[in-house]
Amino acid sequence: MESIFHEKQEGSLCAQHCLNNLLQGEYFSPVELSSIAHQLDEEERMRMAEGGVTSEDYRTFLQPSGNMDDSGFFSIQVISNALKVWGLELILFNSPEYQRLSIDPINERSFICNYKEHWFTVRKLGKQWFNLNSLLTGPELISDTYLALFLAQLQQEGYSIFVVKGDLPDCEADQLLQMIRVQQMHRPKLIGEELAQLKEQRVQKTDLERVLEANDGSGMLDEDEEDLQRALALSRQEIDLEDEEADLRRAIQLSMQGTSRNIRQDIPQTSGTHLTSEELRKRREAYFEKQQQQQQQDPPGHPCEKPNASSGALDGDLGDAMSEEDMLQAAVTMSLETVRSNFKTEGKK
């Protein structure tokens, strides 16, 4: 594809682009085509003068040229005369004379297409056809099977199609594509479509810059926002941790109060509502010392009576209560340590 010469649209110079894309090189300039147009105007003026310079037809002819205008448009007569320099001739594709020849389009070498004031070339390079429209961002590959359909579609859209007859000048692309075949993955876009996409991208970029400027003006940077969100999250976690600790302590308090109701009244009670395992151990030692003192005070020969069922039940209840309290206290301690560990870990992240 890189070896194919393709002039893109500039102003209204589509006739120049059409000729240069056909010949595969910068063969014509606006100045040269304007010279051909003026030459045609002069020849036509001389023919019109033969009928009298005072005739209405002659005065009408003296109006602005029909072979060119200030925008860069050139007529089919200018294009045809320019091609005669290279020994090339244009024949109308849908004329009765050409249709009687019954020539398959793929057996031709090139076509020139015109609609209103736009001209473009369809040419065979090597063994493949290409649409060299100057309004495209690059050459468009056309398969042999699609060529006839493509030309028929142009005719339905109102295009005039001319067959270029004669030997085209040699070019690098034609020689290279005789040896290799190219593949085209994506169809080239119209220049207007590409410009529209670029404009949309510029608008989006401008909007993004405007948003960034607004953020800078408020004094709030992305890093500051992240730090603030992280601090809020840690604060919420700390509040949740405090609430969980309070709930656990209340649960322990209620459990211990329910257990203590089953213990006999002669077991010393503390005014506090929370007993540690150390305090429970000391109270139990004091209880057994009191039992031993009572046994020593009994007279000889009168063995101490075995503890009654209520005393044994009391001891069992005390042991059960202590075991439950120990287990609850250990569970609370482990739970609180786990919560604090998780909180510290989240804070480091």
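In which helix does leucine 176 lie? Good morning, colleagues. Leucine 176 belongs to helix α7, which covers residues 172-177. Please bear in mind that we are looking at a predicted model. Leucine 176 has a relative accessibility of 33%, so this residue counts as partly exposed. Together with Met179 and Ile180, Leu176 makes a nonpolar surface patch of about 300 Å².

I turn now to the interior. In soluble globular proteins, nonpolar side chains tend to be buried together. Here, the largest nonpolar core contains 26 residues, and Leu33, Phe74, Ile79, Leu83, Ile112 and Trp119 have the most contacts inside it. Two or more residues each come from α1 (14-23), α2 (30-49), α4 (76-84) and β6 (160-165). The greatest contribution is that of α1, with 6 residues. Isoleucine 112, leaving aside residues up to four places away in sequence, touches Ile79, Leu83 and Trp119, among others.

Finally, the annotated site. An unreviewed UniProt entry places the feature "active site" at Cys14, His118 and Asn133. These residues are spread over 120 residues of sequence, yet they cluster in space, with a largest C-alpha distance of 9.6 Å. Cysteine 14 is located in helix α1, and histidine 118 in strand β3, residues 118-125. Because its relative accessible area is 2%, cysteine 14 is buried. Histidine 118 also counts as buried, since its relative accessibility is 13%, and the cut-off is under 20%. Beyond four places in sequence, histidine 118 touches residues including Cys14 and Asn133.

Conventions
Residues are numbered from 1 along each chain as its sequence is written. This is a predicted model: local features need pLDDT of at least 70, side-chain atom pairs count only at pLDDT 80 or more; totals for chains, interfaces and linings use all residues. Side-chain values use heavy atoms; hydrogens and water are left out. Patches are made of residues with over 30% relative accessible area and no salt bridge: like charges are joined within 9 Å, nonpolar side chains (Val, Leu, Ile, Met, Phe, Trp, Tyr) within 5 Å. Accessible areas come from the Shrake-Rupley method with a 1.4 Å probe; for residues, only the protein chains shown count as cover. A salt bridge is a side-chain nitrogen of Lys or Arg within 4 Å of a carboxyl oxygen of Asp or Glu. Helices (H or I, at least four residues) and strands (E, at least two) are DSSP runs, numbered from the N terminus. Buried means under 20% relative accessible area, exposed over 50%, partly exposed in between (1.4 Å probe, protein chains only). A nonpolar core is a set of buried Ala, Val, Leu, Ile, Met, Phe, Trp, Tyr and Cys residues joined through side-chain atoms within 4.5 Å. Contact means heavy atoms within 4.5 Å. UniProt positions are given in the numbering used here, feature names are shortened, and annotations may be inferred rather than shown by experiment.
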